[in-house]
Amino acid sequence: MRNILVFAILALMQPAFGNKKVEATTNGVELIFAVDISNSMNTKDISNGDSRLDAAKRAMNQFINQAPAAKVGMLVFAGSVYPQLPLTADKAAAKMHIDELSTSFISNQGTNISSALVESSVFYSEENNAKVLVLITDGEHHEGGIDPAINQLKEKKIQLLTLGIGSEKGGLVPATDGNSTKYLRDDMGRTVISKLNVGMIQNIASKAGGDYMVSNDAFPNINPLLTEINSSETTNEVDLEFEVKENRYQWPLFLALILILIWWGWEAIPAKKMNQ
């Protein structure tokens, strides 16, 4: 009986080893995230006390789970821009990169949105697919040069959607991305208060002709932006082939069933002897 339980538990755990190739067909949307990881994204003015970056990560995972994208990619930016994930059909890998995001990735601080937009515009493939860029930031742009960057997106027919994370009331900026009780101070020694710049986000969306939304919820409701992605016109479908782990739950399940049959047979033998 013990062995039956062991194999049944193993089957429920759904052991997976070895790889198998999976083929799928989906639409041709290429989805890129341009994610602000400047220090201000550590500000904990989200409804449940989480940081802006925590909320941004949840929003990106929602996009991956619900948006009809064939491939996803990601760039991160602060004072400079860093390509984090090339376009890939492996959404599990994309989620892993999202979960690992930290404001410590880039030491050059600032919020260079224009450079992020320019770099994103060359991140897509040359294929004739719909191209969507999701800019995630608190809107504290310090560098200028937004207009040329947006014009470059328009020339390449890249749809820009903007998600503003944070509150207009704002909050103190932690000195690190951990649980530090120390906060950033300006040159005058005053603690820095970071506020969601709704005006900047609206301005970017207006110039780009794209949609936007702002949120300080722990789980941002991204449905308005998902609707925009769902309505993106794609000119072709994409055939995907990728490898996934082979689920081997059938093996311990089969052994458990065999042992149950043996156990039933064994229990039936004494009953037959007693009847004789």
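## Patches, pairs and salt bridges

User: Which residues make the nonpolar surface patch of about 430 Å²?

Analyst: This is a predicted model, where local features need pLDDT of at least 70 and side-chain atom pairs count only at pLDDT 80 or more, while totals for chains, interfaces and linings use all residues. Residues are numbered from 1 along each chain as its sequence is written, and side-chain values use heavy atoms, leaving out hydrogens and water. Patches take residues with over 30% relative accessible area and no salt bridge, joining like charges within 9 Å and nonpolar side chains (Val, Leu, Ile, Met, Phe, Trp, Tyr) within 5 Å; areas are Shrake-Rupley with a 1.4 Å probe, and for residues only the protein chains shown count as cover. The patch is made by Ile 258, Leu 261, Ile 262 and Trp 264.

User: Is Leu 261 buried or exposed?

Analyst: Leu 261 is in helix α8, residues 250–275; helices (H or I, at least four residues) and strands (E, at least two) are DSSP runs numbered from the N terminus. Buried means under 20% relative accessible area, exposed over 50%, partly exposed in between (1.4 Å probe, protein chains only). At 53%, Leu 261 is exposed.

User: What is the angle between the planes of Phe 33 and Phe 63?

Analyst: Rings of Phe, Tyr and Trp (its six-membered ring) pair if their centres lie within 6.5 Å, with planes under 30 degrees apart called stacked, over 60 edge-to-face and the rest tilted. The structure holds 1 such pair. Phe 33 sits in strand β2 and Phe 63 in helix α2, so the pair ties together parts 30 residues apart in sequence. It's a tilted one, 5.8 Å centre to centre, and the planes make an angle of 55°.

User: Which residues do salt bridges that share partners join into one network?

Analyst: A salt bridge here is a side-chain nitrogen of Lys or Arg within 4 Å of a carboxyl oxygen of Asp or Glu, and the whole structure has 4. Arg 52 meets Asp 45 at 2.9 Å, N to O, and Arg 52 also meets Asp 138 at 2.9 Å. Arg 52 and Asp 45 are both buried, and so is Asp 138. The network is Asp 45, Arg 52 and Asp 138.

User: How many residues apart in sequence are the parts that Lys 207 and Asp 147 tie together?

Analyst: Their closest N and O atoms are 2.8 Å apart, in a salt bridge. Lys 207 is partly exposed at 33%, and Asp 147 is partly exposed at 40%. Lys 207 lies in helix α6 and Asp 147 in helix α5, so the separation in sequence is 60 residues.
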